[in-house]
Amino acid sequence: RSHDGKVMEGQKSNASVVNTTEYSGHKECSETPSPPQHITVSNVTSTSLTVRWMPPINPNGNLKFYKVYYVYGSGSNTPVESPEIKDSLTYPLTGLTPYTNYSIYVTVTN
């Protein structure tokens, strides 16, 4: 939280790029949290995958929730945003388009 009590979304993680046919995922301090660490994907099928991450090195307060964003193709499309993810360091992405590259990143909010 900022000094005036507003909830502040932290920096986004580095993007992971994954094709829905195979695993190819990869994996700064102010008042906002540093980015989530070690972003990976697993359980990749033609239409789904699971995103995993570790907490930020510098949480800068109590962490409220994470969000996973993904965008298909060249990255010029509008990212799809997950609901708030509390009490978990994984999130399943389903309903993906087969044979498509996705860029995935995770944010954390304190």
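Accessible areas here come from the Shrake-Rupley method with a 1.4 Å probe, and for residues only the protein chains shown count as cover. On that basis the protein exposes about 6200 Å², with carbon and sulfur atoms supplying 50% of it. This is a predicted model: local features need pLDDT of at least 70, side-chain atom pairs count only at pLDDT 80 or more, and totals for chains, interfaces and linings use all residues. Residues are numbered from 1 along each chain as its sequence is written, and side-chain values use heavy atoms, with hydrogens and water left out.

**Stop 1: the whole chain**

Colour by secondary structure. The protein has zero helices and seven strands. Helices (H or I, at least four residues) and strands (E, at least two) are DSSP runs, numbered from the N terminus. The order of elements from that end is β-β-β-β-β-β-β.

Now colour by burial. Of the 110 residues in the protein, 38% are buried. Buried means under 20% relative accessible area, exposed over 50%, partly exposed in between (1.4 Å probe, protein chains only).

**Stop 2: confidence**

Switch to pLDDT, the predictor's confidence in each residue, from 0 to 100. The protein averages 82, and 75% of the residues score at least 70. Confidence is lowest in strand β1 (residues 16-19), at a mean of 63, and highest in β6, at 97. Then select residues 22-30. Their pLDDT is below 50, and beyond near neighbours in sequence this stretch has 26 contacts in the model. A contact means heavy atoms within 4.5 Å.

**Stop 3: the nonpolar core**

Select L49, V51, W53, V68, L93, I104 and V106. These have the most contacts inside the largest nonpolar core, which has 15 residues. Such a core is a set of buried Ala, Val, Leu, Ile, Met, Phe, Trp, Tyr and Cys residues joined through side-chain atoms within 4.5 Å. Which strands each supply at least two residues of this core? They are β2 (37-42), β3 (49-54), β4 (65-72) and β7 (101-109). Of these, β7 gives the most, with four residues. In soluble globular proteins, nonpolar side chains tend to be buried together.

Centre on V106. Leaving aside neighbours within four places in sequence, V106 is in contact with Q11, K12, S13, P36, I39, V51, W53, Y66, K67 and V68.

**Stop 4: strand β4 and its partners**

Seven of its eight residues are buried, which leaves the strand mostly covered. Two strands pair if DSSP finds at least two bridges between them. Eight bridges join β4 to β7, and the two run antiparallel. Pick F65: T109 in β7 stands opposite.

β4 and β5 pair in the antiparallel sense over two bridges. Pick Y69, whose bridge partner in β5 is E81.

**Stop 5: the rings**

Display Phe, Tyr and Trp. Rings (for Trp, the six-membered one) pair if their centres lie within 6.5 Å; planes under 30 degrees apart count as stacked, over 60 as edge-to-face and the rest as tilted. The count by this rule is four aromatic pairs.

Go to W53 and Y66. Their pair is tilted, at 5.3 Å centre to centre and 55° between the planes. W53 lies in strand β3 and Y66 in strand β4, so the pair ties together parts that are 13 residues apart in sequence. Are these two buried or exposed? Both W53 and Y66 are buried.

Move to Y72 and Y102. Their ring centres are 6.5 Å apart and their planes at 70°, so the pair is edge-to-face. This one links Y72 in strand β4 with Y102 in strand β7, 30 residues apart. Y72 is partly exposed at 44% relative accessibility, whereas Y102 is buried, with a relative accessible area of 4%.

**Stop 6: the loops**

Stay on Y72 and pick T97. The two are 25 residues apart in sequence and 8.7 Å apart in space, C-alpha to C-alpha. T97 is found in the loop between β6 and β7 and is partly exposed at 44% relative accessibility.

In the loop between β6 (90-93) and β7, select Y99. Its phi is near 60°, a positive value in a residue other than glycine. Y99 is exposed, with a relative accessible area of 67%.

Finish at N60, in the loop between β3 and β4. Phi of N60 is also positive, near 50°, in a residue other than glycine. N60 is partly exposed, with a relative accessible area of 28%.
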